[in-house]
Amino acid sequence: MNVLFRTLYAGAVSLARLATAVAPASDRKLWRAFRARRGLLDRWAAIAPPRDPSRPLVWLHAPSVGEGLQARPVAHALRAARPDVQQAYSFFSPSAERFAASVGAEFTEYLPFDGAREADRLLSLVQPQLLVFVKLDVWPTLVALAVARGVPVAMLSATLSATSRRRGVLARALLREAYAAMSLVGAIDADNAERLVALGVRRDRVRVTGDTRFDQVWQRAQGVDRGSALLTATASDRPTLVAGSTWPSDEAVLLPAWATLRRSVPRARLIIAPHEPTAAHLTPIMDWALASGLQVCSLGELTHPIGAAPDDPDVIVVDRVGVLGDLYAHATAAFVGGGFHRAGLHSAIEPAALGHRSCSAPVIA
């Protein structure tokens with residue numbers, strides 16, 4: 001990274017530190033991400049004493065739940081094959097906070113912002129023998145300091161879409177050295193491998209290894225317990241559309257389309273799981289359902305009833321993360337969100353693994 005980009009990057013990290021100090025209490029994802037990093041290194045220090053220096057440690061970083069689903073089968077396979085290896089697992093997004101515990105690492109926490117002092121202290125606390133980034137995100141300062149300590153850095157299930165902004169001039173200038181420092185990169189297919197090489201990864205360090213999320217999703221689909229409390233509480237013999245990981249831009253198209261469908265299939269019901277189940281996102285969906293004369297309740301009202309929840313509501317709004325993969329078991333058809341959102345379409349493999357017909361947003365429109 002040249003001097004100009006290093007200076008600009010360090011300035012951005014300093015602004016992130018300031019935002020961490022002043023972030024208000026809020027259920028908005030951005031502010032939660034900042035507030036979660038208050039006292040973060042002290043939390044890492046508190047869990048670091050069980051680190052056994054006589055045992056090797058692999059550190060996996062997966063920014064959010066999607067990448068976590070790719071990391072988890074690897075972590076579990078590593079545990080089975082090498083129980084002597086300790087594991088650390090870090091994440092960036094607040095949406096991954098609950099999911100992270102399912103990975104089973106000895107050390108699990110948020111990753112600090114990519115400042116030199118944060119990266120240096122964290123490497124001293126964790127003492128990894130291997131640092132692994134999942135999918136694409138790399139932190140250039142952390143990578144540089146890890147390599148300087150002789151810690152190999154790798155990527156698994158590496159993906160780089162043809163339209164990724166990481167292929168732009170600025171991103172490549174900022175991150176090229178970090179990608180070039182990778183000791184090994186497992187790409188999901190040959191096309192992604194070529195794009196990663198163009199991004200800076202050394203060709204002799206790339207292997208096509210497939211996407212570990214397929215293993216994870218298939219295992220989960222085969223293990224769905226249809227008699228679980230979750231699926232029992234949400235069971236129905238009605239034709240059901242499960243809409244997963246939706247954004248408001250998806251809902252602007254999906255909800256009117258579903259209301260039209262109801263005129264032809266009046267028994268149809270909708271289970272909708274917004275990508276960010278915050279009050280600001282859930283409330284408009286609940287209000288829409290009520291204004292449409294539909295029976296609606298949240299998933300929490302069904303699974304932990306306090307008042308009188310409908311026995312078989314027309315609309316169930318999922319108000320927590322980590323359950324969508326199981327709820328797809330109810331789907332007659334599935335809608336996968338993100339197609340009308342700039343983040344792009346979310347993964348359709350969860351409903352596909354359960355054998356359901358799955359529609360992306362552009363298809364249902």
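Tutor: Helices here are DSSP runs of H or I, at least four residues long and numbered from the N terminus. The model is predicted.

Student: What volume does the largest cavity have?
Tutor: The structure holds three cavities of 30 Å³ or more. The volume of the largest is about 50 Å³.

Student: Which strands are the edges of the sheet?
Tutor: Seven strands form an open sheet with parallel pairing. Their order is β3-β2-β1-β4-β5-β6-β7. An edge strand pairs on one side only, which holds for β3 (107–110) and β7 (206–208).

Student: By how much are neighbouring strands turned against each other on average?
Tutor: The value ignores direction. For this sheet the average is 20°.

Student: Which residue of β2 stands opposite Val58?
Tutor: Strand β1 spans residues 57–61, and β2 spans 86–91. Five bridges join the two, and they run parallel. Opposite Val58 stands Gln87.

Student: At about what angle does helix α8 run to β7?
Tutor: Helix α4 (65–81) lies across β1, β2, β4 and β5, at about 175° to β2. Helix α8 (190–199) lies across β5, β6 and β7. Its angle to β7 is about 165°.

Notes: Residues numbered from 1 in each chain as written. Predicted model: local features only at pLDDT ≥ 70, side-chain atom pairs only at ≥ 80, totals over all residues. Heavy atoms only, no water. Pairing = 2+ DSSP bridges. Axes fitted to C-alpha atoms, helices over the stretch in contact; angles between N-to-C directions. Contact = heavy atoms within 4.5 Å. 1 Å grid on protein atoms, 1.4 Å probe; cavity = no way out; pocket = protein on both sides within 12 Å on 5 of 7 lines; lining within 4 Å. Points joined across faces, edges and corners; volume = space filled by probe spheres on them.
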